[in-house]
Every structure is written in structure tokens, then in C-alpha cells.
Amino acid sequence: MNTTTTHRLAVRGGEPLVGRSFARYNPIGPEETTAAHRVVESGVLSRYLGSWGPDFYGGPEVKAFEREWAAEFGMRHAIATNSLTSGLIAAVGALGLEPGDEVIVSPWTMCASATAPLQWNAIPVFADIQRDTYCMDPRSVEASISSRTKAIIAVDIFGQSADVPALREIASRHGITVISDTAQAPGARSGSRFAGTLASIGGYSLNYHKHIHTGEGGMMVTDDDDLAERMRLIRNHGEAVVGKQGRSDIRSIIGHNFRMGEIEAAIGREQLKKLHPIVARRERIARLLTERLSGLPGLTPPVAATGNTHAYYIYAMQLDPAALRVSRDTILKALTAEGIPHLVGGYTNVHLLPIFQQKIAYGSSGFPWNSPYCSREVSYEKGICPVAEQLHDTSCMIFEICQLELNEEDVDLIAAAFHKVWAQLDQLQ
Ligand SMILES: *Cc1c(COP(=O)(O)O)cnc(C)c1O
């Protein structure tokens, strides 16, 4: 083999160092097949009824899945939904906000946790993120609080818990509630607790791309009996049953159909058994990658905040383009050309999506932002989240490790491609 061709950067016509593909991540095995089969054979694929009675709370698999999830996470209540998006809508609804109330959200998230307040005509207000963890910055949250702020939706982004104790401390001083979006960090720890269990309400996604999944699905957790019941009412046409239930507080009980089916629940019960081994394995592989990359100048691998473990849904790195004298995007192209899949520049700045830029959510005239229920003008202009914007535009590079089932050999190959590019950065300058 001609060594000059082998060593030349692939982006400059050389041979890609990674000459093969990697296994796709797939946590589904024979246990899930058996579980799904059991439900199909029973003929009862969902047992929910949208009327008052025992079946208002779902069938045997859903109830068992909720019991097992609550026990595993050490919570009084677990409430299964058909997605975390639905679960977050139920969570915000459970708080019984008034139209025009404000909810502080994160710019770095999947859009559902920023739009959930809008479903109740509440106003999302974006706080900036921390440079090292990408989670909400408590100082920015504090600065974003107004007299109308009623809740904070913290996002455990990329696989580790936000600083929920600090957020709760702020929240308790202002009489507001903290919700955790833990879609990307199931099984990660924050001190002695699991991510998602430190807030008043936590939520996990069971969508196809997450650590464990049921195709589509979500699971909410809380220790608060009333919030739990309100989420269950919103999950299943609550307006039809509050009378029979004898409930007088019917704020925001416009029920939806957020119900999880029995097949998904049966699969979820098997997936839950696999969660901790899956997270441990992902952690080991990510640590190995960090070891291999740690010597590279101008590259900072992901870090877990003190007291946190990291579940590595996304392996996020930061580049220092000034020190490297090469832009993030040029390096990303070179690495991708070497055959590393699933590398992406930056993440999403949700506040810059058209829905917020144009303030168009319901109809075309600016509702709810321009309604008389709102007390002030909220800004979504570029510049309100400088850290998130800078990371997205110039220095953050994410590796969607969640898409792959990597072994040690794969990690060595990926690291070798990084080292190859770093050895020839001068070629890219
Ligand atoms: C996946 C995800 C969601 C949405 O979960 P679904 O179950 O797909 O609705 C919400 N927030 C974050 C941070 C996510 O990654």
C-alpha cells in the first residue's frame, strides 16, 4: 500500500482511515419479542377507557410498567404516556397555569420541552446554558424570572442531570415549580439520586432513539399525589370523569389521549430491566474514547459535573478554533471524510426556530404572545443566549454515540481518525 495515500487526509484525496461501518444501536432482543407476543395473544392491546372506573388508568401491562418504573427510580408515582412530548404537556397542564404565565426553558433541547408551555397558552422564556455541561445555567434562570414566572423546565441534556438542586433553591425562593426533561439521561445519577427524580416532576422518553425504548412512549415521575392525578386526568380525557370523581379543582383538565398501549408497556418492562447495564456500557465506551482523545490540543471532551454520572446520549466535544487555526466545520468535514459517522456541528438553538422568531403559534396574528393575558414582551432575538449561540455557531461538535453500538476496537479506530486529522491540521489551515 502506498503510505502517502494512506496517510493523506481523506478530505484531500487520501484514503479514509475508517474503512468500515459500525453496528447500529439496538437494545431490543428476544425478551421484548416474547413480551409483545404475550400481549398480542391476549387480544387486549390497550385496556384504557375514557370513563370513570378501574380501566381509566389503563391495562395490566401499563399498570405493572408504572409500578416497576416507580420502584426502580424510587418515586411514589410513575405515569406512562405515548411520548415524552405528551408527558411534558401533561406536566405543564398539571401545574394549572394561567394564560400568559411564564415558564423558563432551555435553548438546547428537543423542541418539545420549550413548546409544552405554549400548549397551555403560557409563554416560554429562554435561559442560557452552562458552557461545560450544556445544561441550564442557574444564574441565567434567576435573571429570567419575572412576576409571571411559574415553572422551570430543566433539560438533562446529552446524558447528565442539570443542576436541579440549584434550580430548586431558586424556585423555592420565588414559589415556582421545577420540571426535569430527562429524555437523554435515564439512569444517570445526580448525587445519590437518579436524574429526573430531583424535580417536582421528571419525564423520560421511550422514543426509538433513546437508551431504552418502546418505539414511542414516555414516563413521568413525581412524589406529589395531586400532580400525579392531574397528569393522569390530562392523559385520558379528564373532563369526562372529574364530575364522577368528585374533583372540584378542574383547572387545565382538558384531557387528551396520551395513553400508552399494552404492547409498548410490555416491551418497556423488559427494556427497564436492561437500562442500567446499557448505561454502564455506554459510559465505559465513552470514557475510553475520552482517554484516547484527551491528548489532542484544542479539543475538550465531555465532562460530568461534580456529583453527576453521565449516560452519554450524545458525546459532545468543544473545539478551540483560534488555537487550532482551523474552523470547527473544516475539522468536522475532515473527520467525516475519514469515515466517522454521526458527527454534527453544534446542536439546536430552539429560540431561533421560526415559531419563536415570528411568534406564530396559534393562528397567524401572534397569539398567545400579543394577548392581553401577557404582562410583557418576551424577546427571542439572537443574542439572548450568548453561550448556547456561540457553542452552536463555532465550537461545539457532537458525536451521536446513541446511534451506534461501539466496542473497544471501534473506539480505537475512531480515535485514530482524530489523531490522523490532528497530525495534519496544517493541511487544513
Ligand atoms: C427525545 C426528547 C424529547 C421528546 O421525547 P418524545 O418521547 O420523542 O416525545 C424531549 N426532550 C428531549 C431532550 C429529548 O431528547
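Modeller: What follows takes the labels one by one and sets each against its definition.

Colleague: What are the ground rules?

Modeller: This is a predicted model, where local features need pLDDT of at least 70, side-chain atom pairs count only at pLDDT 80 or more, and totals for chains, interfaces and linings use all residues. Residues are numbered from 1 along each chain as its sequence is written, and side-chain values use heavy atoms, with hydrogens and water left out.

Colleague: Why is Tyr-312 called buried?

Modeller: Buried means under 20% relative accessible area, exposed means over 50%, and partly exposed is in between (1.4 Å probe, protein chains only). Tyr-312 has 6%, so Tyr-312 is buried. Tyr-312 also has a positive phi of about 50 degrees, although it is not a glycine. Tyr-312 sits in the loop between strand 10 (299-300) and strand 11 (315-319). Strands are DSSP runs of E, at least two residues; helices are runs of H or I, at least four; both are numbered from the N terminus.

Colleague: Why is Arg-292 called partly exposed?

Modeller: Its relative accessible area is 30%, so Arg-292 counts as partly exposed. Arg-292 belongs to helix 10 (residues 262-293). Leaving out residues up to four places away in sequence, Arg-292 touches Val-411, Asp-412, Ala-415 and His-419. Contact means heavy atoms within 4.5 Å.

Colleague: What makes a set of residues a nonpolar core?

Modeller: The members are buried Ala, Val, Leu, Ile, Met, Phe, Trp, Tyr and Cys residues, joined through side-chain atoms within 4.5 Å. The largest such core has 76 residues, and Trp-108, Tyr-134 and Phe-158 touch the most other members. Helix 4 (residues 84-94) gives the largest share, seven residues. A second, separate core of 36 residues includes Ile-285, Leu-335, Ile-401 and Ile-414. In soluble globular proteins, nonpolar side chains tend to be buried together.

Colleague: What makes the bond from Phe-367 to Pro-368 stand out?

Modeller: That peptide bond is cis, with omega near 5 degrees. Pro-368 is in the loop between helix 13 (354-357) and helix 14 (386-395).
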